[in-house]
Amino acid sequence: MHVEDDRQPFAEACEQMQIAEAACALLRPGMRPAQAVLALLEGSQPQAALQLAARLLPKRYVVAWLCQCARGQALAPEARAGVALAERWLRDPVESNRRAAYEYANAGGYASLGTWFAAAVGWADGSLAPAGQAAVSPPEHLTARATVAALNLLAAAQPQDFAERREAYVRQALALLDGAAQ
């Protein structure tokens, strides 16, 4: 978990992820991460639950969760390419795999599902500067933001089931949150 604030232990995550104050008001000191995410989901704040789950998980867990949500989905070739880059980085988290995902996201202008999968990896570590230039580290919350964008696009692929799919993604994160806290 991140730095605690006197008002609320999830305040930094709420601020970084731009979670609405009304949603953050549902969170209480002493909640475990999974309890906080569940409180948002049960409080009719599914987007906030998705955002908080993505921010509270360690980056590799976030990317693994993202890939897990895509499994079994019918994806366009471009999206499959982004998922493949994310899965490659999960299997072998070396800089060359992260950089390949980052370059794919950049080349695609962050305009599609596959580029957001790749951005989740590309922003997880390393440098945002072009190769050979002075390193510019990504802010800690960028992987979470890319993950939320990708999950919303993935859920929107079946508009009639958008709400149910997004809730299912949040529920998948609950077990990861409990596991990550141990």
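Start with a helix pair. From H8, Leu113, Trp116, Phe117, Ala119 and Ala120 meet a set of residues in H9: Thr143, Ala146, Thr147, Ala149, Ala150, Leu153 and Leu154. By class, this contact has ten nonpolar residues, two polar and no charged. Keep in mind that this is a predicted model.

Now the geometry. H8 covers residues 113–122, and H9 covers residues 142–156. Their axes are 8 Å apart, and the packing angle is about 155°. What does that angle make them? An angle over 145 degrees counts as roughly antiparallel, so H8 and H9 are roughly antiparallel to each other. The crossing of H8 past H9 is left-handed.

Look at the spacing of the contact residues along the helices. An α-helix has 3.6 residues a turn, so positions three or four places apart point the same way. With that in mind, read the H8 list again: Leu113, Trp116, Phe117, Ala119 and Ala120.

H8 has another partner. That is H7, residues 95–107. Here the axes are 7 Å apart and the angle is about 140°. Roughly antiparallel needs over 145 degrees, so H7 and H8 are classed as oblique to each other. This crossing is left-handed. H7 brings Asn97, Arg98, Ala101, Tyr102, Tyr104 and Ala105. H8 brings Gly114, Thr115, Ala118, Ala119, Val121 and Gly122.

Next, the loop between H8 and H9. His141 sits there. Buried or exposed? His141 has a relative accessibility of 16%, so it counts as buried. Leaving out residues up to four places away in sequence, His141 touches Gln16, Met17 and Arg55.

On to H3, residues 33–42. This helix is mostly covered, with seven of its ten residues buried. Those are Pro33, Ala34, Ala36, Val37, Ala39, Leu40 and Leu41.

Just after H3 comes a backbone point. Ser44 has a positive phi of about 60°, and Ser44 is not a glycine. Ser44 belongs to the loop between H3 and H4, the latter being 46–56. Ser44 counts as exposed because its relative accessibility is 61%.

Where else is there a positive phi in a residue that is not a glycine? Gln18, at about 55°. Gln18 is in the loop between H1, 11–16, and H2, 21–24. Its relative accessible area is 61%, so Gln18 is exposed.

Last stop: Arg60. Arg60 is in helix H5, residues 59–70. At 38% relative accessibility, Arg60 is partly exposed. What does Arg60 touch, beyond residues up to four places away in sequence? Trp89, Leu90 and Pro93. With Leu90 there is a polar pair: a polar side-chain atom of Arg60 lies 2.9 Å from the backbone oxygen of Leu90. For a sense of distance across the chain, take Arg60 and Ala155, which are 95 residues apart in sequence. Their C-alpha atoms are separated by 21 Å.

To recap the packing: H8 and H9 are roughly antiparallel, while H7 and H8 are oblique. That's my tour.

How values were computed:
Residues numbered from 1 in each chain as written. Predicted model: local features only at pLDDT ≥ 70, side-chain atom pairs only at ≥ 80, totals over all residues. Heavy atoms only, no water. Helix = DSSP H or I, 4+ residues; strand = E, 2+ residues; numbered from the N terminus. Buried < 20%, exposed > 50% of the residue type's maximum accessible area, 1.4 Å probe, protein only. Contact = heavy atoms within 4.5 Å. Polar contact = N/O pair within 3.5 Å; in protein donor to acceptor, adjacent residues only side chain to side chain. Axes fitted to C-alpha atoms, helices over the stretch in contact; angles between N-to-C directions. Parallel < 35°, antiparallel > 145°, perpendicular 65-115°, else oblique. Left-handed = near helix turned anticlockwise from the far one by under 90°. Nonpolar A, V, L, I, M, F, W, Y, C, P; charged D, E, K, R; others polar.
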